[in-house]
Amino acid sequence: MSVTPSVVAPPFRGRIGCDVRSGHYAVPHRYRLHLTPSSPGCLGIAVTHSLLGLDETVPLTLLPATPDTADGGYTSLRPLYEASAHQYAGPAAAPVLGDDWTGRIVSTHVPDILRDLALRFRGDGPDLVPEGREAEIEAIGDLCARRVNRAAQHAGELGLDEQAAHRDPLAVLFAALGSLERRLARHDYVLGSAPTAADVQVWVTLVQLDTVHRWHLDAAAMDRVADHPALWSYAQRLARQAEFGRHLDIDALAAGHRAHCRGREAAGGAIRIVDWPSRRVG
């Protein structure tokens, strides 16, 4: 049964620094990730973790898709939360970047975790945050969050009986998809010929759009969403790469969305645009 967190977890915002003076400095085997397949944020972290080849350096603990406490948290994470915040009473939710040395939480903030993995634990992996491209990556992240995810959700919440209001967020959504389509018609990846953190953000957003947000949109809108061939070819190509596809659990993401979604769903599209990998994490 899906549950809804009754209290928003506080934003633990510790960072991994570049030397011992930071307190949390980059050293192998000190930190551990706790992720669930039902969270898009966790999916992005898991993909980044794989791209960087961090299985040994930063171990990963995979939690069940369904929380095991009434407030939407996990019993196994409760000691970390209680050690990190005095009299903590909220849900012990994922994701968590924990410090095994101290038994406390470093961060629960997805963008910070992604950035610290890419910058502090790169090793022999790809340069996911190339020098000089930080602003572009941030802009892509903002486009994904506000102009795709939020716009698709808002369009569904408005329903179809308020046509003018419904069209406004759809116009934002289609403009964002058009911008990404033009990029990917010219390049293999969002910022050029190599994968970056922007590709993780875009791919996870497309997964959400095609497997979750489609249920908020009517069939005509989904036809227009599908009319971006370069974008969806790119999504399918990345899904076939082990670093991306092996973390994907469509059923878990759908269940996680239903646990907190309060939008009014429209007709939706019966068929997904991409034939996502059917395998599950585990």
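This is a dialogue about a predicted model and the terms used to describe its structure.

Guide: The model is predicted, so local features need pLDDT of at least 70 and side-chain atom pairs count only at pLDDT 80 or more, while totals for chains, interfaces and linings use all residues. Residues are numbered from 1 along each chain as its sequence is written, and side-chain values use heavy atoms, with hydrogens and water left out.

Visitor: What makes up the chain in terms of helices and strands?

Guide: The chain has 10 helices and 4 strands, where helices (H or I, at least four residues) and strands (E, at least two) are DSSP runs numbered from the N terminus. Their order from the N terminus is β-α-β-α-β-β-α-α-α-α-α-α-α-α.

Visitor: Why is the pair of Phe12 and Tyr81 called edge-to-face?

Guide: Rings of Phe, Tyr and Trp (its six-membered ring) pair if their centres lie within 6.5 Å; planes under 30 degrees apart count as stacked, over 60 as edge-to-face and the rest as tilted. The centres of Phe12 and Tyr81 are 5.7 Å apart and the planes stand at 80°, so the pair is edge-to-face. Phe12 lies in the segment before β1 (31–35) and Tyr81 in helix α2 (residues 78–84), so the pair ties together parts 69 residues apart in sequence. The structure holds 6 aromatic pairs, and ring pairs join Phe12, Tyr81 and Tyr88 into a cluster.

Visitor: Are Phe12 and Tyr81 buried or exposed?

Guide: Buried means under 20% relative accessible area, exposed over 50%, partly exposed in between (1.4 Å probe, protein chains only). Phe12 has 12% and is therefore buried; Tyr81, at 1%, is buried too. Of the 282 residues in the chain, 51% are buried.

Visitor: What makes the largest nonpolar core a core, and which residues have the most contacts inside it?

Guide: A nonpolar core is a set of buried Ala, Val, Leu, Ile, Met, Phe, Trp, Tyr and Cys residues joined through side-chain atoms within 4.5 Å. The largest has 79 residues, and those with the most contacts inside it are Leu77, Tyr81, Leu173, Trp203, Val225 and Trp276. Helix α6 (residues 197–211) gives the largest share, 9 residues.

Visitor: Which residues does Leu77 touch?

Guide: Contact means heavy atoms within 4.5 Å. Not counting residues up to four places away in sequence, Leu77 touches His34, Leu63, Ala92, Ala93, Ala94 and Val96.

Visitor: How do you know that Asp71 and Arg78 form a salt bridge?

Guide: A salt bridge is a side-chain nitrogen of Lys or Arg within 4 Å of a carboxyl oxygen of Asp or Glu. The closest N and O atoms of Asp71 and Arg78 are 3.8 Å apart, which meets the rule. Asp71 has a relative accessibility of 16% and so counts as buried. By this rule the count comes to 9 salt bridges.

Visitor: Why are Arg133 and Glu136 called partly exposed?

Guide: Arg133 has 26% relative accessibility and Glu136 has 29%, so both values fall between the cut-offs for buried and exposed. Arg133 and Glu136 also form a salt bridge, with the closest N and O atoms 2.4 Å apart.

Visitor: What links Arg13, Arg15, Asp112 and Asp116?

Guide: A network of salt bridges links Arg13, Arg15, Asp112 and Asp116. Asp112 and Asp116 are among the buried residues of helix α3 (residues 110–120).
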